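User: I'd like to learn how to read the features of a model like this one. Could you walk me through it, general idea before specific case?

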Amino acid sequence: EIMPSLVGSEMCIRDRLSVAVLPLALFSIYRGITLEFDKHKKIVKWTFPIWMYVAITGVMVYIFMTPYY
């Protein structure tokens with residue numbers, strides 16, 4: 001059996017970050033389109049690493065779960 005406490009806590013962190021990334025990404029896109037590059041750079045410094053973590057771990061979870069379905 002997979003250790004539910006570890007899987008649950010990791011997924012909880014990833015899920016929370018994936019929810020947080022959406023408004024951050026939209027806001028940084030808005031700042032880029034409106035040519036507010038200084039504010040855009042400040043937001044992207046936080047948004048990009050969080051987005052990368054969520055994207056990579058999401059693919060990893062999918063790959064690891066594929067054999068069970």
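Predicted model: local features only at pLDDT ≥ 70, side-chain atom pairs only at ≥ 80, totals over all residues.

User: Which residue forms a salt bridge with R31?

Analyst: The general idea: side chains of opposite charge can pair when their charged atoms come close. The cut-off here is a side-chain nitrogen of Lys or Arg within 4 Å of a carboxyl oxygen of Asp or Glu. In this structure R31 pairs with E36, and their closest N and O atoms are 2.5 Å apart. E36 also forms a salt bridge with K39, this time with the closest N and O atoms at 3.7 Å.

User: How many aromatic pairs does the structure hold, and how do I read one?

Analyst: A pair of aromatic rings is described by the distance of the centres and the angle of the planes. Rings of Phe, Tyr and Trp (its six-membered ring) pair if their centres lie within 6.5 Å; planes under 30 degrees apart are stacked, over 60 edge-to-face, and the rest tilted. The structure holds 2 such pairs. One of them is F27 with Y30, a stacked pair at 6.3 Å centre to centre and 20 degrees between the planes. F27 and Y30 both sit in helix α1 (residues 4-33), 3 residues apart, about one turn of the helix. F27 has a relative accessible area of 39%, so it is partly exposed, and Y30 is partly exposed at 45%.

User: How many helices and strands are there?

Analyst: Helices (H or I, at least four residues) and strands (E, at least two) are DSSP runs, numbered from the N terminus. The protein has 2 helices and 0 strands. Take α2: its 29 residues reach 40 Å from first C-alpha to last, close to the 42 Å expected at 1.5 Å a residue. That expected span is 1.5 Å times one less than the number of residues.

User: Where is the kink in α2 centred?

Analyst: On V44, with a kink of about 35 degrees. The bend at a residue is the angle between axes fitted to the seven residues ending there and the seven starting there. Further along α2 comes P49, which is partly exposed at 45%. The C-alpha atoms of P49 and V21, 28 residues apart along the chain, are separated by 9.8 Å.

User: Which residues of α2 are buried, and which residues form the nonpolar surface patch?

Analyst: I43, T47, I50, V54 and T57 are the buried ones in α2. The patch is F48, W51, M52, I56, V59, M60, Y62, I63 and F64, with about 950 Å² of accessible area together. Patches take residues with over 30% relative accessible area and no salt bridge, joining like charges within 9 Å and nonpolar side chains (Val, Leu, Ile, Met, Phe, Trp, Tyr) within 5 Å. W51 lies in helix α2 (residues 37-65) and counts as partly exposed at 43%.

Methods. Residues numbered from 1 in each chain as written. Heavy atoms only, no water. Areas by Shrake-Rupley, 256 points an atom, 1.4 Å probe, with all protein chains shown as cover. Buried < 20%, exposed > 50% of the residue type's maximum accessible area, 1.4 Å probe, protein only.
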